[in-house]
Amino acid sequence: MKTVVTVKNLVKKFGDFVANDNLNFEVYQGEIFGFLGANGAGKTTAIKILCGLSKPTSGEITVAGFDVYKQREEIKKNIGYMSQKFSLYDDLTIRENIRFYGGIYGLSNEDIKSKTGQYMETLDLHEYAKSRVSDLPLGIKQKLAFSVAVMHEPQIVFLDEPTSGVDPITRRQFWDMINAEAEKGTTLFVTTHYMDEAEYCHRISIMVDGRIDALDSPHNLKQQFEVDSIEEVFIQLARKATRDE
Amino acid sequence: MSESVIIQNLSKTYPGVKALDGISCKINQGEIFGFIGPDGAGKTTLFRILTSLLIPDEGMATVDGDDVVKDYKSIRSKVGYMPGKFSLYQDLSVEENLKFFAGVFKTTIAENYHLIEGIYKQIEPFKHRLAGKLSGGMKQKLALSCALIHKPTVLFLDEPTTGVDAVSRKEFWEMLHQLKSTGLTIIVSTPYMDEAALCDRVALLQKGKILSIASPEEIVAEFPHKLYSIKAQKLYPLNELLKQEGQVHSTYLFGDNIHLVLQENVSIEIFMEKIKAENFNDLEWESILPGIEDCFMELMHKA
C-alpha cells in the first residue's frame, strides 16, 4: 500500500507547552483516516503542520512525498483542504468560486469549464446558478466546498469538521461523496465530533494531551476496549486527559 | 403542570428566507425542552424572539406569563440566555464578568451564589484570569454562571455543545440535569440528534417548521416502519447497491451498520437472500428500534 503521510517522532512546542508530543503514524492511499481527540488535544496543531502551514519543532514528516520543512509549497499544491468555518467565498457565485479555486491550483481554462459543468450537474446546482454562495443552503454549500477541495485531484484532502451543523440526510450524502472519493484512490484525513462518523473511517487515531493514545480500525478499537461504540472508546481515553485546551 | 413558555403561530422572515414559519408549541415549567435541528432550521431566531431581542412578523409568545414584545423589560430580568457565540467580556476577569452581570440585574454574587455554586466552584480557582484566556470548557461554565446569577425562571441555551468534544458534552448535560432539580425551565437547542434523548421533550425543527413535538420515547414510538440494521464487511458498496433497489424505502449508513426500511409488503427474508447473492455473503441483519435520527430523517422525507 502506498504511504501518503509519514509522521515519525513529531514534536511541536510553543515555549514550554508541548502541543504535539512525539506523534507516530502513517496514512495510506485511498484511506479514510479519522483524526479524533478532545478539544485542545493538539489536533489543529498537527493538521497545520501536515498542511505546510506551520513547522514542527522536530521529527520527520512527509506529506504526499514532500518534506514539511523544505517543500511546504509543494505540499500545498498537492493537498486539498476544507473546513466548516472556511471553505468558499460568500460574496462570489458558485461559478466564480470554482473558477477562483481552479485558477489558484493552476487548472487550465478548459479543465475549469468542464469541472464547473460537472459540479452543476452532479450536485444539481442549476437553480442556484446565479446565487451568491452566502444564499446557498448549508448542506449544498458543504457539498460544493468538498468538490472544490478535490477539484485539482490532490493525493490527500484534509476535512476539518466538514459536517458540523448539517442535517442528518445531507450528512450521509456528504459521507457518500467521501467514500466515492476514497474509491478513486484519494486519501481523506477527517476530523469530526460526531462519533458515529468515526465508524465510517477505515482507521482512526485518538489524541489525548498531545499524544496519540489509540490508533486502529474502529472494529479493532471496540474489541480492544471491550465496548460497543467508538463514543465509549473516546470517552474512556479522553477522560484521562489532564489538560483542557 | 403550568406552562412556562407558550408559542403561537410564530413567523419571522429575513430577506429571501423564512426563518420561522408558523411555529406553535408549549413548554412546561421545570422541564428540559430541546429544539433539535440543523443549522438554518430557525433555532437562533426563535431564541432571540423568546428572549425579546427580536420582534416576530406574526404570531405571539409568552415567557413566564410575559408577552415577548410588550413586556420586554420584565422578560429580560426573568430569562437567562447563553448565546451560541461566546459573548462575555474577554478583557474582564472571570470574577469581574460575573460581578458585572449580577450588577446589571441589581443583585450580588453573594445573594445568588447557591444557584451557581456547583458550576462556578470549578472555575473559581481561576477567578482572576481574563475570560478571553479561558479554555473552551471553562468559558462555557462562566457563561452559564453569568446566565444564572440573576435567578432566572427560564434558561435559554443556544447550541451550548456545538463543536464540543464528546466528553465535555456529556459533562455539560450532567450540569443541566443538576440545574433542572432546582425547578428551573431549561430550553436548549442542538444540532446533535443524540442529545434529544437527554431532554424531557423535544421539538424537531427543519427549515423554520416543527416536524414533531413529543418526548423522545414518543417520537421513537411514532416511527411508522419496521427498521433493520445490516452489517457487512463492505458497507459503502452495499449501501450504494441498496439505494438502487426499488423495494427499498430508505437506506442510510449509520456508523458500522446500515439502517434499512423496505417498501410495504416486501419480505425481508426474501429481499436479504437476493442481496446476499450479489456478492454480500457475509451480510447479517436484525430488526432494531429506531433512534431520534432515524425519525428525523423519516420526517424530513415526508416534509
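In this predicted model, 28 residues of chain A are in contact with 29 residues of chain B. On the chain A side, three helices put in at least two residues each: helix 6, helix 7 (195-198) and helix 9 (230-238). Helix 6 of chain A gives the largest share of that side, with five residues. Sorted by class, the chain A side comes out as 13 nonpolar, six polar and nine charged residues.

Helix 6 of chain A also has a partner within its own chain. Helix 5 (residues 138-149) of chain A packs against helix 6 (residues 168-183) of chain A at an angle of about 10°, and the two axes are 10 Å apart. That angle makes the two helices of chain A roughly parallel, because anything under 35 degrees counts as such. From helix 5 of chain A, the contact uses A:G139, A:Q142, A:K143 and A:F146, while helix 6 of chain A brings A:T170, A:Q173, A:F174 and A:M177. Class by class, that contact holds three nonpolar, four polar and one charged residue.

Now for the sheet. Chain A has an open sheet of six strands, ordered 6-7-8-3-9-10, and the pairing is mixed. Strand 6 (79-83) and strand 10 (211-216) of chain A sit at the edges with a single partner strand each, so each has one side without a neighbour in the sheet. On average, neighbouring strands here are turned by 15° against each other, if you ignore direction.

One spot to look at is A:M207, which stands opposite A:I212 in strand 10 of chain A.

| Pair in chain A | Angle |
|---|---|
| Helix 5 and helix 6 | about 10° |

Over in chain B, take B:I32, which lies in strand 3 (residues 32-36) of that chain. Is B:I32 buried or exposed? It counts as buried, because B:I32 has 22 C-beta neighbours inside 10 Å, and the cut-off for buried is 20 or more. Skipping neighbours within four places in sequence, B:I32 is in contact with B:L176, B:K180, B:I186, B:V188, B:C199 and B:D200. As for B:G65, it is 33 residues from B:I32 in sequence and 18 Å away in space, C-alpha to C-alpha.

Note on methods:
Residues numbered from 1 in each chain as written. Chains lettered and ligands numbered in written order. Predicted model: local features only at pLDDT ≥ 70, side-chain atom pairs only at ≥ 80, totals over all residues. Axes fitted to C-alpha atoms, helices over the stretch in contact; angles between N-to-C directions. Helix = DSSP H or I, 4+ residues; strand = E, 2+ residues; numbered from the N terminus. Parallel < 35°, antiparallel > 145°, perpendicular 65-115°, else oblique. Contact = placed C-beta atoms within 7 Å. Nonpolar A, V, L, I, M, F, W, Y, C, P; charged D, E, K, R; others polar. Pairing = 2+ DSSP bridges. Buried ≥ 20, exposed ≤ 12 C-beta atoms within 10 Å, placed from the backbone.
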